[in-house]
Each structure stands twice: as structure tokens, then as C-alpha cells.
Amino acid sequence: MEKPVSKYFRVSELRKKRVSESRTEQIQIVMPGDINGNGRLFGGRLIEWIDVVAAVVARRHSGHEVTTVSIDNLHFKAPAYVNDTVVLIGCATYTGRTSIEVRVDTYAETLRGERSMINRAYVVMVAIDEDEKPTPVPSLLLEDDEQRAEWEAGEKRREFIKRRRYEGF
């Protein structure tokens with residue numbers, strides 16, 4: 001007998017989902033309370049915003065509550081300052097059985113609408129059921145070369161994470 005995913009549907013009923021179905025965009029204006037001692041956007045605040053965007057993407061993709069497993073490849077490329085508009089764009093890039101990898105690109109946007117990337121992060125979320133146990137997620141329907149390249153890179157990141165866990169890092 002096939003294992004139920006939840007009381008509502010079975011694993012075989014999970015359909016592939018398009019990346020566009022869970023894409024999420026969040027806009028923030030950097031306020032004085034978001035600034036660190038050097039007058040720049042506090043990294044912890046940006047991580048909070050990234051985590052929220054990743055969670056929304058993963059919830060939309062899975063149809064379940066999610067929890068953060070890891071934030072990988074977080075690299076601050078440029079600062080943001082008070083009154084800057086910050087745009088965060090998240091999309092699913094890879095799925096495992098119960099996990100969803102989400103790429104969140106962050107941009108500083110000028111008043112003229114010009115954007116420059118300030119950060120890119122990959123966040124791994126796990127879908128959880130009503131008992132807070134991991135639950136299967138739909139796979140991704142890859143529609144173009146960029147999505148296929150992200151998927152392949154996601155496979156490599158997953159293997160790297162497994163290797164690090166095995167080695168005790």
C-alpha cells in the first residue's frame with residue numbers, strides 16, 4: 001500500500017510544480033533600526049528577510065509548513081544604507097524528497113529603479129506535516145536551461161553538504 005503524504009493525499013498524487021508557481025518577491029526600505037555600527041544594513045536583519053522569503057517560496061511549493069535546515073553560500077557582495085530600497089527575490093532551485101532549496105537574490109534599488117545585487121543565498125527548507133515530521137514535496141518542473149543549471153548546481157551543493165556532515169563539519 002502506498003504511504004500517505006498526509007491525511008489528504010498520497011505520494012503519487014504529488015505533481016511537479018513550476019519554479020514560477022512559488023517565486024516570491026519582497027520589498028523592504030532600510031530603516032535606521034536596520035543599520036549596524038558602520039552605517040550599513042545589519043547582516044542579521046538581511047538574513048532574517050532572506051529566511052522569510054525562502055520560507056514563503058517553500059510553503060508555496062510544498063503546500064506545507066516548513067522549517068529552515070541551512071543557509072548556504074551567503075555572500076555579502078555590497079552594502080545597503082538607510083533609505084535604500086531592498087528587493088529580495090526567491091525561487092525554488094532543487095528539491096529532495098522532503099526538502100526544497102531556495103535561491104534568494106537581494107538587490108539594492110535606486111529611486112530610478114536601477115538594481116545592483118548585494119547578496120545571493122541558498123536556503124534549504126524542509127516541509128513538515130501536522131506532527132512536525134518531514135513530509136514529501138513535489139519535484140520541480142524544469143522549463144529552461146537556467147533552471148536545469150540551477151538544479152545541477154543544487155545536486156552538487158547537496159552532495160557537498162552530505163560530505164561535510166559525514167566528515168563532522
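Which side chains meet in a salt bridge at 3.6 Å, N to O? The side chains of glutamate 25 and arginine 115 do. The model is predicted: local features need pLDDT of at least 70, side-chain atom pairs count only at pLDDT 80 or more, and totals for chains, interfaces and linings use all residues. Residues are numbered from 1 along each chain as its sequence is written, and side-chain values use heavy atoms, without hydrogens and water.

**View 1. Salt bridges of glutamate 25.** A salt bridge puts a side-chain nitrogen of Lys or Arg within 4 Å of a carboxyl oxygen of Asp or Glu. Glutamate 25 sits in strand 2 and arginine 115 in strand 6, 90 residues apart. Glutamate 25 also meets arginine 23 (3.7 Å, N to O). Glutamate 25 has 39% relative accessibility, so it counts as partly exposed (buried is under 20% relative accessible area, exposed over 50%, partly exposed in between; 1.4 Å probe, protein chains only).

View 2. Nine bridges join strand 3 to strand 6 (residues 115–128). Valine 66 has alanine 127 as its bridge partner in strand 6.

**View 3. The salt bridge of glutamate 65 and arginine 59.** Their side chains meet at 3.1 Å, N to O. Glutamate 65 is partly exposed at 45% relative accessibility. Arginine 59 is partly exposed too, at 41%.

**View 4. A salt-bridge network.** Glu101, Arg103, Asp105, Arg120, Glu150 and Arg157 are linked. The whole structure holds 16 salt bridges.

Terms used: Two strands pair if DSSP finds at least two bridges between them. Helices (H or I, at least four residues) and strands (E, at least two) are DSSP runs, numbered from the N terminus.
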